[in-house]
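Please look over the structure shown here before reading on.

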Amino acid sequence: MMSGHYTSIDNQKISGSVPAVPDPPPFNFSDTNLQTFPPSGAQGKISGGSRPPHDVDDSFSKSGSGSGEPQQSTWFQAFSLATYKPYFDVDTIDVLDRIKDSLYPFNGTFNEKTASNPDLYGPFWICTTLIFVAASIGTFVTYIAQKLKHQDWNYDINVVTWSAGLFYGYVTIVPLGLYLILKYFSVPSGLVQLLCLYGYSLFVFIPALCLSVVPLEIFRWLIAGVAGFMSATFVALNLRAHIMSAGERWLLIVAGIFLLQLALSVALKVYLFTVTV
């Protein structure tokens with residue numbers, strides 16, 4: 001090789017040169033272990049790629065909502081408004097029909113009609129209306145009486161608090177206690193259906209309270225007795241068919257329900273049907 005001049009070298013004629021390396025044959029990966037990971041034959045590993053083994057604690061593998069879902073469906077669900085939404089999904093026609101059934105207590109078909117769709121809308125407004133009627137009638141009659149006597153009018157707030165505690169408490173505690181008793185005797189019953197039945201059974205006391213303004217004590221006792229008998233008969237006859245499966249004690253349970261409803265009418269007469277002019 002001379003300086004300044006370069007000569008092309010034929011690689012093929014040079015002795016001792018490294019022969020050209022041919023292209024390697026294509027390498028085909030086996031499809032056995034690539035399509036599914038891990039392989040189906042693996043033991044002691046996560047199978048299917050989605051479920052952990054039974055002995056692995058997966059507390060941290062769940063999301064925050066997923067870990068609390070069982071508790072929400074048992075305890076927290078009672079404090080959710082979505083739980084009670086279906087029980088307020090009724091039309092005005094449905095509520096009016098159920099009110100009419102409560103005024104015909106001898107039919108005994110209320111539970112059959114409301115078995116698939118018991119509501120709490122009607123019972124809530126019936127109790128609220130009873131509280132308003134009791135407070136307004138008592139206040140109005142007292143106001144007129146004191147004005148006729150030229151006295152200063154004094155409003156008694158205890159009428160509202162007492163009637164609210166009576167109606168809301170009665171329509172909640174009594175059905176709950178009856179529900180527990182029926183469960184003890186293995187009688188099929190629903191708590192919402194009992195709340196619905198007892199709520200509509202109080203509607204008859206609304207016109208009875210309105211008639212209590214008549215200043216005749218005998219008439220007031222008569223109105224309270226008729227309203228209590230209708231309400232007690234309505235509840236007892238609608239529950240009789242279900243309670244009969246409790247055995248020989250069904251008659252005592254029905255009699256207790258009837259007498260308890262009559263006791264409510266007596267309490268209303270003593271504390272709310274005593275307005276005077």
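**Overall make-up**

In this predicted model, buried residues make up 30% of the 277 residues in the protein. The protein has 11 helices and zero strands, and from the N terminus on its elements run α-α-α-α-α-α-α-α-α-α-α.

**Packing of helices H10 and H11**

- Two packed helices are described by the angle between their axes and the distance between the axes.
- Helix H10, which covers residues 217–243, packs with helix H11, residues 250–271, at an angle of about 155 degrees, and their axes lie 8 Å apart.
- Because an angle over 145 degrees counts as roughly antiparallel, H10 is roughly antiparallel to H11.
- The crossing in which H10 passes H11 is right-handed.
- Sorted by class, the contact of H10 with H11 has 14 nonpolar, five polar and four charged residues.

**The second largest pocket**

- Rolling a probe the size of a water molecule over the atoms shows where empty space is left.
- In the second largest pocket there is about 220 Å³ of space.
- Which residues line the second largest pocket? The lining is made up of Phe88, Leu120, Pro123, Phe124, Cys127, Tyr168, Val171, Thr172 and Leu195.
- At least two residues of this lining come from helix H6 (121–148), and at least two come from helix H7 (158–184).
- By class, the lining of the second largest pocket divides into eight nonpolar residues, one polar residue and no charged residues.

Definitions and conventions:
Residues are numbered from 1 along each chain as its sequence is written. This is a predicted model: local features need pLDDT of at least 70, side-chain atom pairs count only at pLDDT 80 or more; totals for chains, interfaces and linings use all residues. Side-chain values use heavy atoms; hydrogens and water are left out. Axes are lines fitted to C-alpha atoms, for helices over the stretch in contact, and angles run from 0 to 180 degrees between N-to-C directions. Helices (H or I, at least four residues) and strands (E, at least two) are DSSP runs, numbered from the N terminus. Angles under 35 degrees count as roughly parallel, over 145 as roughly antiparallel, 65 to 115 as roughly perpendicular and the rest as oblique. A crossing is left-handed if the near helix is turned anticlockwise from the far one by less than a right angle, and right-handed if clockwise. Ala, Val, Leu, Ile, Met, Phe, Trp, Tyr, Cys and Pro count as nonpolar, Asp, Glu, Lys and Arg as charged, and the others, Gly among them, as polar. On a 1 Å grid over the protein atoms alone, a cavity is a set of points where a 1.4 Å probe fits but cannot get out, and a pocket is an open set with protein on both sides within 12 Å along at least five of seven lines; lining residues have an atom within 4 Å of a point. Grid points are joined across faces, edges and corners, and a volume is the space filled by probe spheres set on the points. Buried means under 20% relative accessible area, exposed over 50%, partly exposed in between (1.4 Å probe, protein chains only).
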